[in-house]
Amino acid sequence: MTDPAAGLSPSMAFALIGALGVGSQWIAWRFHLPAIVLMLAAGILAGPVLGLLDPVRDIGEITRPLISLAVAVILFEGGLSLDLHRLGDARRGVLRLVVIGAPLGWLLSALALRYGAGLGWEAASVFGGIMVVTGPTVIAPLLRQARLARRPAQLLQWEAIVNDPIGAMAAVLAFQIVLVLHTGMEAPGALGHLALGVLFALAVGLAAGFGIARAFWRGWVPEYMKVPVLFVVLLAAFALSDNYLHESGLLAVTVMGLVIANADLPSYEELRRFKEHATILLVSGVFILLAASLDFATLSALTWRAGLFVALVVLLARPLTVLVSLTGTGLPWRERLLIALTGPRGVVLVAVAGLFGERLAEAGVADGALIGPLAFVLVLATVVIHGFSLGPMARALGLAGAEVPGVLFVGASRLTVGLAEILRKEEVPVLIADPNHSHLGRARAAGLPSFYGDILSEAAEHQVELLSFSSLVAATDNDAYNTLVATDFAPEFGRDNCWQIARMRAEKSRHALPTQLGGRPFGEGLGYEGFERLLAEGWTLRMTRLSEEFTLADWREKRPEARLVAHLGPKGTFRLVRGDKDPDLGPGFRIIALRPPEAKGTAAAAS
């Protein structure tokens, strides 16, 4: 047994951090709660409250370097999502938030620190630069939870990722000026070192990004080594740049990710998904470390002015920055308001603020000691505020996904049109997509929402609000295309929510596909041709609501010849039926079944 007073071993500490971080994210997903809030609460509980975890005691001096490397990986993964081709109609807004929003946010944040928190101008100017960041470590989990519409989500994501290194560079600039004023350093030398550091970081990021892209395109790296090579080059770029100028490594890795994201690499999706998984682990770990490292004694140095500072930032500085920046962009006022009232700060702010606070205090700026506690209070307040308010605010403004999870049908067949008509009557959002214009005639005649084009195309990314849908049904007459669509959307919707019409020869070994390809099969024994034949012969799709008085067994006794196709749960969750065996469904469920022509006359009585 380990002596509690001696703390945990490093291996036990890492295990606890992982369990708390990933466990918090799972609980948040299970109960629809803000994951960031739970991670902070878990870290504070395990750290300063119970004393189980103390990063400095249990892990040692490598805690800060580990956090720095984790932030570098997180920012790089963010850069990988900055595909210029996918920016679309959010391009102008993102440019404004970076070019106008960053300097204006710096100014307003410095004013809030000076007149709200009471800091001197030296500390306020340095910390104000750091506050330009809005935190990709926080934005990503919040967007995943709130399910925002595409354009405001893009604006928030791009702003957070691009402004993070800009904020760090602004803090470096302000710090260099403070050093010139306090230590008698020569201004040209200090500013020249800063300029060279920024140029060096840009050069390192560009060289690393183009080098990786060229090596991958030319086949100089085997497929199984691409991710390890990418990680090594990423860490080298960060360390090399950061060694020359503190915090410039963040700029280097962001530029590196941006270059790779726009290089059209054939293996880009695999790289991005792996990095997403790594980022989830890193974000979880970093937030647990951040919260567990909290020292209540340092917070006791703060006064009521810390609360005034947070209020000025949330209610004045952030809204003014966004509203001024987005004026004249043509964005609807609802989107501008949502972005203006959403500005969470994350671990980058705390990590960079802690470093510069210590360096300011060493340079003789007394207020520097308050920067770290103020940063943590700001992060804690904004994470809690936006964690609980973003989803409800987005729904109130009509910028979130539908309350009832929708269904995306790929292929405009008799089956999908019939299912979509029934679901629409039950107020379930539906969309039918088909690359063949003539196939959509039946859907348009029924007044159903439709998309003409390939659902995998860039046009679909810009025009289809995927956040409104949680299930996909691939039911075209092309088995290979169904498999491709279901496989591609599985990471987005979850493999359990991607359905594929049964392949007729799948039971034969020479035609069977690996289990990791395609979606969950339905309609076994019928396939596309079977459903089309039955519906052409006069079979109809009908819905029946189950209750305590009329159970599934009662329905089956009355309709032994009917074929159960799908069902809707009490909360609108859509599921297709696999095989011929009836699922176990209770009261409140609605079943959708194929009935033969002779059942038409008694349909009303049964329904």
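A nonpolar core, as the term is used here, is a set of buried Ala, Val, Leu, Ile, Met, Phe, Trp, Tyr and Cys residues joined through side-chain atoms within 4.5 Å. Buried means under 20% relative accessible area, exposed means over 50%, and partly exposed is in between (1.4 Å probe, protein chains only). This is a predicted model, so local features need pLDDT of at least 70 and side-chain atom pairs count only at pLDDT 80 or more, while totals for chains, interfaces and linings use all residues. Residues are numbered from 1 along each chain as its sequence is written, and side-chain values use heavy atoms, with hydrogens and water left out.

**The cores**

Let's start inside. The largest nonpolar core has 127 residues, and Phe-127 and Phe-309 touch the most other members. Its top contributor is helix α9 (residues 150-183), which gives 15 residues. Helices (H or I, at least four residues) and strands (E, at least two) are DSSP runs, numbered from the N terminus. Another core lies apart from this one; it has 35 residues, including Leu-415, Ala-475, Phe-531 and Trp-539. As a general point, nonpolar side chains tend to be buried together in soluble globular proteins.

What does Phe-309 touch, not counting residues up to four places away in sequence? Its partners are Ala-112, Leu-113, Gly-116, Ala-117, Phe-127, Met-131, Leu-374 and Leu-378. Contact here means heavy atoms within 4.5 Å.

**Rings that meet**

There are six aromatic pairs in the structure. Rings of Phe, Tyr and Trp (its six-membered ring) pair if their centres lie within 6.5 Å; planes under 30 degrees apart count as stacked, over 60 as edge-to-face and the rest as tilted. Two of the pairs look like this:

| Pair | Kind | Centre to centre | Between the planes |
|---|---|---|---|
| Phe-127 and Phe-309 | tilted | 6.3 Å | 40° |
| Phe-409 and Phe-574 | edge-to-face | 6.4 Å | 70° |

Phe-409 is buried at 0% relative accessibility, and Phe-574 is buried with a relative accessible area of 2%.

Rings also meet charges. The charged end of Arg-30 sits over the ring of Phe-31, 5.6 Å from its centre. Arg-114 lies over the face of Tyr-115, at 5.6 Å from the ring centre. For a charge to sit over a ring, NZ of Lys or CZ of Arg must be within 6 Å of the ring centre and within 35 degrees of the ring normal.

**Strands and sheets**

Now for an open sheet: four strands line up in the order β7-β10-β8-β9, with antiparallel pairing. Two strands pair if DSSP finds at least two bridges between them. At the edges are β7 (540-545) and β9 (574-576), each pairing on one side only. On average, neighbouring strands of this sheet are turned by 25° against each other, direction ignored. Axes are lines fitted to C-alpha atoms, for helices over the stretch in contact, and angles run from 0 to 180 degrees between N-to-C directions.

Inside that sheet, five bridges join β8 (residues 563-568) to the antiparallel β10 (residues 590-595), and Arg-563 has Leu-594 in β10 as its bridge partner. Helix α19 (residues 414-425) lies across β7, β8, β9 and β10, at about 30° to β7. Helix α23 (residues 527-536) lies across β7, β8 and β10, at about 75° to β10.

Elsewhere, strand β4 (residues 469-474) is mostly covered, with five of its six residues buried. It pairs with β1 in the parallel sense over five bridges, where Gly-406 stands opposite Phe-469 in β4. β4 also pairs with strand β5 (residues 498-501), again in the parallel sense, over three bridges; the partner of Val-473 in β5 is Trp-499.

Most residues other than glycine have a negative phi. Glu-427 has a positive phi of about 65° although it is not a glycine. Glu-427 sits in the loop between α19 and β2 (430-434), and at 68% relative accessibility it counts as exposed.
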